[in-house]
Amino acid sequence: MSKVVRARVRALVGVLRGLRGGRKDAGMVTSEYAVGIVAAAGFALVLYKVVTSGQVSAELHSIVKQALDAGM
């Protein structure tokens with residue numbers, strides 16, 4: 001009798017795993033979030049340095065000045 005019960009339980013577990021899509025993990029873990037945050041902060045730092053550099057800053061000021069001086 002116990003062999004039959006075990007077989008049915010195994011079959012039921014298999015069906016339930018199939019309903020979940022067979023994936024053991026469906027989301028990111030804390031370490032993946034940490035790596036994503038560090039990468040985003042690094043990208044923000046690089047973008048900040050580029051935008052505040054002399055040449056880019058001068059170009060942005062020039063674009064804004066031309067836009068404000070444009071006659072309508």
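I started with the nonpolar patch, and its largest share, five residues, comes from α2. The whole patch is made by F43, V46, L47, V50, V51, L60 and I63, and I get about 650 Å² for it. Two elements give it two or more residues each, α2 and α3 (54-69). For my own record, patch residues have over 30% relative accessible area and no salt bridge; nonpolar side chains (Val, Leu, Ile, Met, Phe, Trp, Tyr) are joined within 5 Å, like charges within 9 Å. A salt bridge here is a side-chain nitrogen of Lys or Arg within 4 Å of a carboxyl oxygen of Asp or Glu.

I noted the ground rules next. This is a predicted model, where local features need pLDDT of at least 70 and side-chain atom pairs count only at 80 or more, while totals for chains, interfaces and linings use all residues. Numbering runs from 1 along each chain as its sequence is written, and side-chain values use heavy atoms, with hydrogens and water left out.

I checked confidence (pLDDT, the predictor's score for each residue, from 0 to 100). The chain averages 81, and 81% of the residues score at least 70.

I looked at the fold: three helices, zero strands, running α-α-α from the N terminus. Helices (H or I, at least four residues) and strands (E, at least two) are DSSP runs, numbered from the N terminus.

How much of the chain is buried? I find 0% of the 72 residues, with buried meaning under 20% relative accessible area, exposed over 50% and partly exposed in between (1.4 Å probe, protein chains only). Back in α2, where L47 lies, I read L47 as partly exposed at 45%.

I finished on α3. Its 16 residues reach 22 Å from first C-alpha to last, close to the 22 Å expected at 1.5 Å a residue, counting one less than the number of residues. Zero of those 16 are buried, so α3 lies largely in the open.

Note on methods
Areas by Shrake-Rupley, 256 points an atom, 1.4 Å probe, with all protein chains shown as cover.
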